[in-house]
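Okay, thanks for coming, everyone. I've got one model to walk you through today, so let me put it up on the screen.

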Amino acid sequence: RMDYQGFAPANYGKHKAPTLRNVAVTAPYMHDGSAATLQDVIAHYERGGRLIEDGPNAGDGALNPNKSSFVSGFVMTEREKEDLIAFLNALTDEELLTNPAYSDPFAEP
């Protein structure tokens, strides 16, 4: 059975994870662009889901029944978070980002 958007209910909340290459320069993050920074992404996973206190999307993502069991939360020190951000920044491929062969395909030659 599919819903109006063509998704099977058993697949709600499931997303294919993209590569981490150039992740530091591809904000916003998450499937819906709701995390503005890598720090926001870490906070989301550290908590085990996002807490939205008000508005149309209010709720506790840590309690969402469609959430993956792999998103269970964890504890990190500030140093560990800084190290993780440094690692993610190290995955930036400056050569790829500045290579004219991969520039705007619609730009005038």
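This is a predicted model: local features need pLDDT of at least 70, side-chain atom pairs count only at pLDDT 80 or more; totals for chains, interfaces and linings use all residues.

Two packed helices are described by the angle between their axes and the distance between the axes. Here the pair is H1, residues 38–47, and H2, residues 78–90. Their axes come within 11 Å, with a crossing angle of roughly 125°. What does that make them? Anything from 65 to 115 degrees would be roughly perpendicular and over 145 roughly antiparallel, so H1 and H2 end up as oblique to each other. As for handedness, H1 passes H2 in a right-handed crossing. On the H1 side the contact is made by Leu38, Gln39, Ile42 and Glu46, and on the H2 side by Lys81, Leu84, Ile85 and Leu88.

Now the core. The largest nonpolar core has nine residues: Val23, Tyr29, Ala35, Leu38, Val41, Ile42, Met76, Ile85 and Leu88.

Next, the loop. Thr92 sits between H2 and helix H3, which is 94–98. Buried or exposed, this Thr92? Buried: the relative accessible area is 17%, and the cut-off is under 20%. A polar atom of the Thr92 side chain lies 3.0 Å from the backbone oxygen of Asn89. Further off in sequence, beyond four places, Thr92 touches Asn22, Ala24, Val25 and Leu97.

That Asn22 brings me to the backbone. Most residues other than glycine have a negative phi, and most peptide bonds are trans. Asn22 has a positive phi, near 65°. Asn22 lies in the segment before H1 and is buried, at 7% relative accessible area. Met30 is another non-glycine with a positive phi, about 80°. Met30 is also found in the segment before H1, but counts as partly exposed, at 23% relative accessibility.

And where's the cis peptide bond? Between Ala27 and Pro28, with omega about 0°. Pro28 is found in the segment before H1 too.

How values were computed: Residues are numbered from 1 along each chain as its sequence is written. Side-chain values use heavy atoms; hydrogens and water are left out. Helices (H or I, at least four residues) and strands (E, at least two) are DSSP runs, numbered from the N terminus. Buried means under 20% relative accessible area, exposed over 50%, partly exposed in between (1.4 Å probe, protein chains only). A polar contact is a pair of N or O atoms within 3.5 Å; within protein, one must be able to donate a hydrogen and the other to accept it, and residues adjacent in sequence count only if both atoms are side-chain atoms. Contact means heavy atoms within 4.5 Å. A nonpolar core is a set of buried Ala, Val, Leu, Ile, Met, Phe, Trp, Tyr and Cys residues joined through side-chain atoms within 4.5 Å. Axes are lines fitted to C-alpha atoms, for helices over the stretch in contact, and angles run from 0 to 180 degrees between N-to-C directions. Angles under 35 degrees count as roughly parallel, over 145 as roughly antiparallel, 65 to 115 as roughly perpendicular and the rest as oblique. A crossing is left-handed if the near helix is turned anticlockwise from the far one by less than a right angle, and right-handed if clockwise.
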